[in-house]
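Subject: Structure handover

Hello,

Here is the structure I said I would pass on. Please open it and keep it in view while you read the notes.

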Amino acid sequence: LSTAFLLLLERLSEGRVNSAARAIRHDMLFYSRTPERMAEVLGQFIDRGGDADSAQRFYAELAAVDADDVRAVLRHLIDSTAVQVDLPPQELNVAP
């Protein structure tokens with residue numbers, strides 16, 4: 001896993017980071033162009049421990065992300081220990 005992060009670190013550039021941030025912002029706007037989908041986007045942020053404003057903050061902060069930010073995250077991932085998590089098979093509760 002750390003090899004993949006090292007490869008990303010080697011290929012990282014300010015242009016790639018800017019391009020990725022623009023693409024994410026575009027995808028968020030495109031996907032959430034109806035009220036139902038906007039509610040879904042907000043719900044995903046809330047499900048992950050945020051609030052209704054966290055989606056807007058995330059969108060706004062993407063404009064400020066730079067290569068140094070991504071480098072710091074990649075270095076943290078390289079230095080951390082990967083953990084395997086076993087999830088038991090999920091069962092669907094279907095009403096008869």
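Below is what was found, starting with the whole chain and ending with single residues.

**Overall picture**

Please bear in mind that this is a predicted model. The protein chain has 5 helices and 0 strands. Along the sequence the pattern reads α-α-α-α-α.

How does the radius of gyration compare with that of a compact globule? The chain has 96 residues, and a compact globule of that length would come out near 12 Å. This protein chain has 18 Å. Along the principal axes, its C-alpha atoms fill a box of roughly 55 × 35 × 20 Å.

Burial comes next. Of the 96 residues, 14% count as buried. As for contacts, take those between residues at least 6 apart in sequence. Of these, 69% join residues at least 24 apart.

**Where α2 meets α4**

Look now at one helix pair. Helix α2 covers residues 14-31, and helix α4 covers residues 54-62. The two pack at an angle of about 145 degrees. Their axes are 9 Å apart. The crossing of α2 past α4 is left-handed.

Which residues make this contact? From α2 come Ala21, Ile24, Arg25, Met28 and Leu29. From α4 come Ala55, Phe58, Tyr59, Ala60 and Leu62. By type, the residues of this contact divide into 9 nonpolar, no polar and 1 charged.

**Salt bridges**

How many salt bridges does the structure hold? There are 2.

One links Arg57 and Asp51. Their closest N and O atoms are 3.4 Å apart. Arg57 is partly exposed, at 41% relative accessibility. Asp51 is partly exposed too, at 35%.

The other joins the side chains of Arg71 and Asp68, with 3.0 Å from N to O. Both residues sit in helix α5, which spans residues 67-79. They are 3 residues apart there, so about one helical turn separates them. The cut-off for exposed is over 50%.

**Two pairs set apart in sequence**

Helix α5 also contains Ala72. Ala72 is partly exposed, with a relative accessible area of 46%.

Next, move to the segment after α5, where Ala82 lies. Ala82 is exposed, with a relative accessible area of 54%. How far is Ala82 from Ser2, in sequence and in space? The two are 80 residues apart in sequence. Their C-alpha atoms are 8.8 Å apart in space.

**Where to look**

For a quick tour, begin with the contact of α2 with α4. Then find the salt bridge of Arg57 with Asp51. Go on to Arg71 and Asp68 in α5. Finish with Ala82 and Ser2.

Best wishes

Key. Residues are numbered from 1 along each chain as its sequence is written. This is a predicted model: local features need pLDDT of at least 70, side-chain atom pairs count only at pLDDT 80 or more; totals for chains, interfaces and linings use all residues. Side-chain values use heavy atoms; hydrogens and water are left out. Axes are lines fitted to C-alpha atoms, for helices over the stretch in contact, and angles run from 0 to 180 degrees between N-to-C directions. Helices (H or I, at least four residues) and strands (E, at least two) are DSSP runs, numbered from the N terminus. A crossing is left-handed if the near helix is turned anticlockwise from the far one by less than a right angle, and right-handed if clockwise. Contact means heavy atoms within 4.5 Å. Ala, Val, Leu, Ile, Met, Phe, Trp, Tyr, Cys and Pro count as nonpolar, Asp, Glu, Lys and Arg as charged, and the others, Gly among them, as polar. A salt bridge is a side-chain nitrogen of Lys or Arg within 4 Å of a carboxyl oxygen of Asp or Glu. Buried means under 20% relative accessible area, exposed over 50%, partly exposed in between (1.4 Å probe, protein chains only). The radius of gyration is taken over C-alpha atoms; the globule rule is 2.2 Å times the number of residues to the power 0.38.
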